[in-house]
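I opened this model to look up its fold, its spaces and its side-chain contacts. My entries follow in the order I made them.

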Amino acid sequence: MDIVLDICDQYFFTPYVYPADWVEDNPLRQIISLLVIGNVGGYLLYLIVASLSYKFIYDKRLMEHPQFLKNQIALEITCACTSIPWMSIPTVAMFFLEIRGYSKLYDCVDDWKFGWYGIIWSIVTFILFTDMCIYWIHRWLHHKLVYKHLHKIHHKWKVTTPFASHAFHPLDGFVQSLPYHIYPFLFPLHKITYLVLFIFVNIWSVSIHDGDYRVPTSFKPYVNGSAHHTDHHLFYSFNYGQFFTLWDKMGGSFRVPSAFQGSGPLDEVLKIKSKTLEQNGHAKSKHFTNGVKKSD
């Protein structure tokens, strides 16, 4: 995060915001700056990615599902936008520790002896490590003593839209993001790689709520996509994974997505529409007797 902070300092904070005698490495100044960056960046990342997904990917027919709430999109956005400032507080605490040098983040590819191989290794292990951690955190959030206080809010949305991706209780949202922050304190990670991965995981969070159930056939047994996560919202006790199905299969919580079996939310909408058309057709047929149209 110090890359972003340095850019903001150079082009905005130092020339236009802070007094000249408040140096850039002042801890209080850094915390204030990180709070601004965290909130502005959080809102922009959420609203831009979710809006693009809603515009170009999300199947609007899902909004006709019986479990789609009245004004649901507005409720999702309100929930997320209310939570982001609160989530930013512990998030900024982690960022602050990073920029003060307590993590294993490094600047140049050659700073780690494995070079570019280390970058690739870091990406793979970051995904695998966070997927494992989030699975168990997610299961813990479904414990009966925890669920009603934290995670229940997110399950208000049964048939989600991309805007549900960040619509959490603030503590719930931060706890599930904690593995992303913990990783660079445990393992070496290139700073730009970390920034890219941080953006990626936010985009992924939107994608598993976007209602696009299409997945390449060869990926279906392994990748935890929108179809899997939709069933999690509908049935609660299945498909806790973030990126892959591995931990659900090992933990006995895997469920083949209903969308892959022709009984997903969109299939239900289409069946309802078909039934309605059929009923309307029968109703219209009553206007005809012996080939003569009755008066309306």
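I began with the term I needed: a pocket is an open set of grid points with protein on both sides within 12 Å along at least five of seven lines. I also noted that this is a predicted model.

**Pocket**

I looked up the volume of the largest pocket and got about 960 Å³ of space. I then asked which residues lie nearest its centre. They are Gly42, Leu45, His166, Phe198 and Asn202, out of 43 lining residues. Helices H1 (2-17), H2, H3, H4, H6 and H7 each give two or more residues to this lining. Which element gives the largest share of the pocket lining? H2 does, with nine residues. I sorted the lining of the largest pocket by class and found 24 nonpolar, 19 polar and no charged residues.

**Cavity**

How many cavities of 30 Å³ or more does the structure hold? I found one. The volume of the largest cavity is about 50 Å³. I listed its lining as Met1, Phe95, Glu98, Tyr194, Leu195 and Phe198. Helix H3 (72-99) and helix H7 (191-207) are the elements that give two or more residues to it. H7 supplies the largest share of the cavity lining, three residues. By class, I wrote down five nonpolar, no polar and one charged residue for the cavity lining. I flagged Phe198 in my notes, as it lines the largest cavity and is also listed among the residues nearest the centre of the largest pocket.

**Overall fold**

I stepped back to the whole chain. The protein has ten helices and four strands. From the N terminus, I read the order as α-α-α-β-α-α-α-β-α-α-α-α-β-β. I took the box around the C-alpha atoms along the principal axes, and it came to roughly 95 × 45 × 40 Å.

**Surface**

I checked the surface for a nonpolar patch. One is formed by Leu28, Ile32, Val36, Val40, Leu44, Ile48, Leu52, Phe56 and Ile57. Together these residues have about 820 Å² of accessible area. I placed Leu28 in helix H2 (residues 27-56). H2 is also the element with the largest share of the pocket lining.

**Salt bridges**

I counted seven salt bridges. I picked one to inspect: the side chains of Lys191 and Asp2 meet at 2.6 Å, N to O. Lys191 lies in helix H7 and Asp2 in helix H1, so this pair ties together parts that are 189 residues apart in sequence.

**Aromatic pairs**

I counted 23 aromatic pairs. Why is the pair of Phe129 and Phe187 edge-to-face? The ring centres of Phe129 and Phe187 are 5.7 Å apart and the planes stand at 75°, so the pair is edge-to-face. The cut-off I applied for that label is planes over 60 degrees apart. I also noted that this pair links distant parts of the chain, 58 residues apart. Phe129 sits in helix H4 (residues 115-141). Phe187 sits in the loop between helix H6 (170-186) and strand E2 (189-190).

Technical notes: Residues are numbered from 1 along each chain as its sequence is written. This is a predicted model: local features need pLDDT of at least 70, side-chain atom pairs count only at pLDDT 80 or more; totals for chains, interfaces and linings use all residues. Side-chain values use heavy atoms; hydrogens and water are left out. Patches are made of residues with over 30% relative accessible area and no salt bridge: like charges are joined within 9 Å, nonpolar side chains (Val, Leu, Ile, Met, Phe, Trp, Tyr) within 5 Å. Accessible areas come from the Shrake-Rupley method with a 1.4 Å probe; for residues, only the protein chains shown count as cover. A salt bridge is a side-chain nitrogen of Lys or Arg within 4 Å of a carboxyl oxygen of Asp or Glu. On a 1 Å grid over the protein atoms alone, a cavity is a set of points where a 1.4 Å probe fits but cannot get out, and a pocket is an open set with protein on both sides within 12 Å along at least five of seven lines; lining residues have an atom within 4 Å of a point. Grid points are joined across faces, edges and corners, and a volume is the space filled by probe spheres set on the points. Ala, Val, Leu, Ile, Met, Phe, Trp, Tyr, Cys and Pro count as nonpolar, Asp, Glu, Lys and Arg as charged, and the others, Gly among them, as polar. Rings of Phe, Tyr and Trp (its six-membered ring) pair if their centres lie within 6.5 Å; planes under 30 degrees apart count as stacked, over 60 as edge-to-face and the rest as tilted.
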